[in-house]
Amino acid sequence: MSDKRMLGSRALDVMQHIGLIIVAMATVVAVALEVNTMWQARNVALADLLLMFIYLEVLAMVAIYLRSGKLPIRIPLYIAIVALARYLILDMKGMDNWRLITVAGAALVLALAILAIRFGHTKYPYDKDEGGH
């Protein structure tokens with residue numbers, strides 16, 4: 001690889017790491033703000049706990065990416081499922097039947113996608129050289 005390409009690649013790696021650190025720091029700040037909100041309200045609702053799980057999954061995603069340089073697609077899918085569950089819990093009373101069915105169906109589709117990905121990785125594993133992003 002030429003020196004210019006290598007320098008460009010390293011610059012992109014540095015920017016990527018800076019971006020990941022910013023995401024991690026913003027997530028930690030969001031967790032602190034959420035804990036403060038719960039503390040001041042003297043109440044912890046299920047929706048608050050689900051939001052905390054979303055934050056933890058984001059931190060886990062950043063950690064995995066920093067460690068391995070790879071992002072398993074399942075993690076954002078898990079985050080999306082928890083976000084949909086939180087949305088259902090928060091807004092269920094105001095939803096009409098079709099919206100409720102649609103959101104629940106979206107969660108089901110994401111769960112089925114995770115199962116398909118896991119099945120595919122077990123049945124058709126990547127070669128060591130392919131990387132398997």
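Me: How are H2 and H3 oriented to each other, roughly parallel or roughly antiparallel?

Reply: Two packed helices are described by the angle between their axes and the distance between the axes. In this predicted model, the axes of H2 and helix H3 (residues 74–91) cross at roughly 170° and come within 9 Å. An angle over 145 degrees counts as roughly antiparallel, and H2 and H3 are therefore roughly antiparallel to each other. Their crossing is left-handed.

Me: Which residues in H2 and H3 meet?

Reply: On the H2 side, they are Leu46, Ala47, Leu50, Leu51, Phe53, Ile54, Glu57, Val58, Met61 and Ile64. On the H3 side, they are Ile75, Pro76, Ile79, Val82, Ala83, Ala85, Arg86, Ile89 and Leu90. By type, the residues of this contact between H2 and H3 divide into 17 nonpolar, two charged and no polar.

Me: At what angle do H1 and H2 pack, and how far apart are their axes?

Reply: Helix H1 (residues 3–41) packs with helix H2 (residues 46–68) at an angle of about 160°, and their axes are 10 Å apart. H1 and H2 are therefore roughly antiparallel to each other. The crossing of H1 and H2 is left-handed.

Me: Which residues make the contact of H1 with H2, and how do they divide by type?

Reply: From H1, the contact includes Leu20, Val23, Ala24, Val28 and Val31. From H2, the contributors include Leu51, Met52, Tyr55, Val58 and Leu59. The residues of the contact of H1 with H2 divide into 16 nonpolar, three polar and two charged.

Me: Is Leu56 buried or exposed?

Reply: The quantity to read is the relative accessible area, and a residue counts as exposed when that value is over 50%. Leu56 is found in helix H2. Its relative accessible area is 51%, so Leu56 is exposed. Leu56 and Leu84 are 28 residues apart in sequence, and their C-alpha atoms are 16 Å apart in space.

Me: Which residues does the UniProt annotation "transmembrane region" cover?

Reply: An annotation comes from a record and may be inferred rather than shown by experiment. The unreviewed UniProt entry gives "transmembrane region" for residues 14–33, 45–65, 71–89 and 101–120. In the model, the chain over residues 14–33 is 100% helix and 0% strand, with its end C-alpha atoms 29 Å apart. Over residues 71–89, the chain is 84% helix and 0% strand, and the end C-alpha atoms are 29 Å apart.

Definitions and conventions
Residues numbered from 1 in each chain as written. Predicted model: local features only at pLDDT ≥ 70, side-chain atom pairs only at ≥ 80, totals over all residues. Heavy atoms only, no water. Axes fitted to C-alpha atoms, helices over the stretch in contact; angles between N-to-C directions. Helix = DSSP H or I, 4+ residues; strand = E, 2+ residues; numbered from the N terminus. Parallel < 35°, antiparallel > 145°, perpendicular 65-115°, else oblique. Left-handed = near helix turned anticlockwise from the far one by under 90°. Contact = heavy atoms within 4.5 Å. Nonpolar A, V, L, I, M, F, W, Y, C, P; charged D, E, K, R; others polar. Buried < 20%, exposed > 50% of the residue type's maximum accessible area, 1.4 Å probe, protein only.
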